[in-house]
Amino acid sequence: MFIPDSKEWATTLFGNAQLGDPRRTNRLIKLANDMAQNVNASVCSSSRDPASIEGAYRFIRNDNIAPEAIAEAGYQYTDAVVRERPLVLALQDTTGLSYRHSVCEELGEVNSSNSTKNSSKGRTYYAHSTLMLDAQHEQVLGLAYQHYWYRDKKSSGKYHELQCRKRQEKESYKWQHNVEQLSERLGSLDNIIDVCDREADMYEYLDYQLSKGHRFVVRASENRRVSGTENKLSKVIDNLNTKDYYNLNIPQKGGRPARTAKIAVGYTEVTLMKPQRAIAQPEILVNIVVCQEVETNEGIQPLRWVLYTSEPIASAKDARKIARYYELRWRIEEFHKIWKTDGTQVEKLRMQSRDNLRRVAVIQAFIAVRLFQLKELAQNKEEAKEIPCTVYFSNISWKILWKSTDKNKPFPDEPPSLYWSYYALAKLGRWHDSKRNGRVGTIALWNGWLQLMQLVESYELLQGLDL
């Protein structure tokens, strides 16, 4: 899915944007191309000359250009790719973009949720994203939708009154809203499984998905009542028989060391009862998959996932597949990280109005997807060692990469592997495995790619000179 050439990528994603004037679409393509070549630079630094700078800011400040129209062009490209795949995971998650400059005047009255922002002026602009992932090859296909909002003021009133508001008035409606947008554009969602974390465990949301015949995997949070018994879900889970075991590699995070966890898998079918205040069917029938870590060391909190799903489960293999779909949910967190800090650094934008901010943030979101796709090239190391790098690199580009990183070695008889090219790019981007974990940062990989493209361009220029 990674498109190597930045201009080709910008044209493919935004060439069909309906902005009211073809010149605006052309400016969008140029702006996206410039920003894609300078992912962690400002709009001014990304533009190559004064005319480009002036054109970029005129575009960004043009109130006749809706941020939604820019995004729609990118969504339509993702839709076309999704329709061609047999099974796609729609990963949903929310992130907050924290700002402290003058744009905060248009971002409501509620302070930033980021605890590191101590200023009373800090505000958060929220984005709820849907990222599409090929279920078979586990590769990012594209960004399918983003819903932006801010908290104008704190909710007031009694707990019961707040809970009884219309669904559309609640912030939690975002999960259903994103699915509705996909359904409106794509029509059929038969090849899409919605994958959500615990925040999406709402009875109304599960009822909506089932009533529409949609496919989903949602991690359970609430200890719900089970029909036909006075027991709750936790009791059912405690009495569930283990059907299989598998090993799960849990990476290091914060103070948590990396470990290989032994996971027990069980599954069953349950009928959940409607909570008192919910407006939905009295009962819903769902399958559940339970993944429970066993044999943990002292002081380690064992992993436990309870997953609701609409997918049929007839065997431990089916249950393991559902668990794998949920394991892949972290990819959207990685996307948000690349968008916010590791790649495009959207939180460093200093646009003076909310709409101006949105126009640039939307473009950067699609650039972040492209960075993610580049980073995925060698995600499966063993498989990447068997794939020639020519699936993404031309003969000229991989040979220049070879000489840039291994000057004294002769060219191999056959093109090297994708695995080699991944680390060669990182090396060209001045990456050093100082932590001895083999993880390459997004910026280092992207810097290596840009440097390689510049070397290829210089080589082709020299080839055309009569020296």
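Ala, Val, Leu, Ile, Met, Phe, Trp, Tyr, Cys and Pro count here as nonpolar, Asp, Glu, Lys and Arg as charged, and the others, Gly among them, as polar. This is a predicted model: local features need pLDDT of at least 70, side-chain atom pairs count only at pLDDT 80 or more, and totals for chains, interfaces and linings use all residues. Residues are numbered from 1 along each chain as its sequence is written, and side-chain values use heavy atoms, with hydrogens and water left out.

**Cavities**

The whole structure holds 4 cavities of 30 Å³ or more. A cavity is a set of points, on a 1 Å grid over the protein atoms alone, where a 1.4 Å probe fits but cannot get out; lining residues have an atom within 4 Å of a point. Volume is the space filled by probe spheres set on the points, which are joined across faces, edges and corners.

| Cavity | Volume | Lining classes |
|---|---|---|
| Largest | about 100 Å³ | 9 nonpolar, 3 polar, 1 charged residues |

In the largest cavity, 13 residues form the lining. Trp9, Leu13, Tyr77, Val369 and Gln373 lie nearest its centre. Two or more lining residues each come from α1 (6–14), α5 (67–83), β3 (140–149) and α12 (354–375). Helices (H or I, at least four residues) and strands (E, at least two) are DSSP runs, numbered from the N terminus. Helix α12 gives the most, with 4 residues.

The second largest cavity is lined by residues including Asp194, His214 and Arg215. Here α7 (174–186) and β4 (192–196) each give two or more lining residues.

Conventions:
On a 1 Å grid over the protein atoms alone, a cavity is a set of points where a 1.4 Å probe fits but cannot get out, and a pocket is an open set with protein on both sides within 12 Å along at least five of seven lines; lining residues have an atom within 4 Å of a point.
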